[in-house]
Amino acid sequence: MFDFGFIPPAMFVGMVIFMLYGFPVAFSLAAVGLFFGIIGIVTGHFGAVWLQALPPRFFGILSNDLLLAIPFFTFMGAVLERCGLAEDLLEGTGKLFGGIPGGLAYAVILVGAVLGAITGTVAASVITMGVISLPIMLRYGYNPRLATGVIAASGTITQVIPPSLVLVVLADQLGRSVGDMYLGAIGPSILQVTIFVLFILVMSIIRPKSMPPLPKEVRGDFNWALLVKVLMGMVPSIVLIFLVLGTIFMGLATPTEAGALGVVGAIVLAAMNRRLTWPLIREAMSSTTHITSMVVMILIGSTCFSLVFQGMDGSRWIEHMLSGIPGGPVGFLIFVNIFIFVLAFFLDFFEIAFIVIPMLAPVASSLGIDLIWFGVLICVNMQTSFMHPPFGFALFYLRSIASRDVKTSDIYMGALPWVGMQLILVAIVIFWPQSVTYWLDRGPKVDPNSIKIEVPGFGGQLGLPPLGGGNGSPQIPGLTLPPLNGLPGAPPPPAK
């Protein structure tokens, strides 16, 4: 453990102690990094010249175009959270599926997936669906544990479904394309929604009384007017999804440009719903500023920590510790996911992405693990951080808007089956990497050996004749070059 000195393990332990004590993460990381950097300089384990790299790193963070996508996607989600789109979707789909057992649960799952694709914020999805759906589900006989569990779990889908902010951050930390991360997340997103729907289907067969259908007078008649209402809520959302994700996948826009398009689309949708007001814009800007500032400060703090940690050979220590795990790449992935699952009890997903991923990525790369697969797998795992009791943020959000008749124990117990389903998806992605890489491998394949370059005027062959033309310049058929001594800065011709 101490083959690379005592300071890297001490830094790691010090970071954990600061986190558990409750200090702000950004300042804790910076303080631990600079403190151990001074110790390293005094003891001769760390060169002071390393600290000269901090200002360029700070500037690199602030000038990173990729991170500019975070405020765009955050602002887009904040606008859509307040424009009434979720309410219209839930009302229409709830009536559409309300006639079958578990109909409201199906509606919550599908609307959660749609909201995840257009907002990317867990808080907005959980709070919105909780305020609208939870009272109705409880009023008409839904089991409180089932109702709270499906609402909380459907809100956490936003962590995996593009354009998730987690995927943007992971792409930046892993040095991979955001577009590839989004493509890789398509398969797990579909699988997660399918697993949730199948669970409701099985429960509706085994225990139909826990999720009864809505009465006829509540859901109304199943007619064309209801279908049109649902479509009018879905179609603008699908257009916005294509505007954001389609332009990235087709190579028409970068993630930052797609985020800007998404902001315009969100404002248009708010205007269509007649809810575009200055207070709405002001609140969305305030929320965006808060989240973006938090991300940047955590990233600056983690840069201080990682610079000193790497200067102390901390990355080599981590690689030495993890490369010997039995089972090869699969054993490494199992260990890492258990480790992150435990960390998610205490740390936010941004903190895990900025602190842990830079330590694990070099080890994963050395083991031959595709970093897109690795990043999506970590993202799937980190969605459990919002669900597992007692620290899951989705559970806190739900508790804040649920009535006092709903017990906190019901919220916690109701979350457990859904955490289990999320862990099932983690296992599927570990043992079936094609669930991530399938969409990445759909592009055209080009054999480099089959590429031929034909240049007109050379008879189909590109070659150079021997040197030795007049005035020392090469002579190529069909190509006239000035003599070398006529070029600027060339030496004068030899005297005759």
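R145 and D410 pair up in a salt bridge, with their closest N and O atoms 3.2 Å apart. The cut-off here is a side-chain nitrogen of Lys or Arg within 4 Å of a carboxyl oxygen of Asp or Glu, and by this rule the count comes to one salt bridge. The pair ties together distant parts of the chain: R145 sits in helix α8 and D410 in helix α21 (residues 408-431), 265 residues apart. D410 counts as buried because its relative accessibility is 14%, while R145 is partly exposed at 37%. For those labels, buried means under 20% relative accessible area, exposed over 50%, and partly exposed in between, with a 1.4 Å probe and protein chains only as cover.

Keep in mind that this is a predicted model, where local features need pLDDT of at least 70 and side-chain atom pairs count only at pLDDT 80 or more, while totals for chains, interfaces and linings use all residues. Residues are numbered from 1 along each chain as its sequence is written, and side-chain values use heavy atoms, with hydrogens and water left out.

On to the helices. The protein chain has 22 helices and zero strands, taken as DSSP runs numbered from the N terminus (H or I, at least four residues, for helices; E, at least two, for strands). Here are two of them, with the expected span being 1.5 Å times one less than the number of residues.

| Helix | Residues | Length | Span between end C-alpha atoms | Expected span |
|---|---|---|---|---|
| α2 | 25-43 | 19 residues | 27 Å | 27 Å |

In α2 the buried residues include V25, A26, L29, V32, G33, F36 and G40. An α-helix has 3.6 residues a turn, so residues three or four places apart point the same way. Just after α2, G44 takes a positive phi of about 80°.

Further along, L322 lies in helix α15 (residues 314-323) and counts as buried, at 10% relative accessibility. Leaving aside neighbours within four places in sequence, L322 is in contact with F332, F335, L360 and V363, where contact means heavy atoms within 4.5 Å. The C-alpha atoms of L322 and V363 are separated by 7.2 Å, though the two residues are 41 apart along the chain.

Out on the surface, L198, L201, V202, I205 and I206 make a nonpolar patch with about 490 Å² of accessible area together. To join such a patch, residues need over 30% relative accessible area and no salt bridge, with nonpolar side chains (Val, Leu, Ile, Met, Phe, Trp, Tyr) joined within 5 Å and like charges within 9 Å. I205 belongs to helix α10 (residues 178-206) and is exposed, with a relative accessible area of 63%.

For the chain as a whole, buried residues make up 48% of the 496 residues.

Confidence is highest in α10, at a mean of 91, and lowest in helix α11 (residues 216-219), at 68. Over residues 467-479 pLDDT stays under 50, and the model has 16 contacts for them beyond four places in sequence.

How values were computed:
Areas by Shrake-Rupley, 256 points an atom, 1.4 Å probe, with all protein chains shown as cover. pLDDT = per-residue confidence, 0-100.
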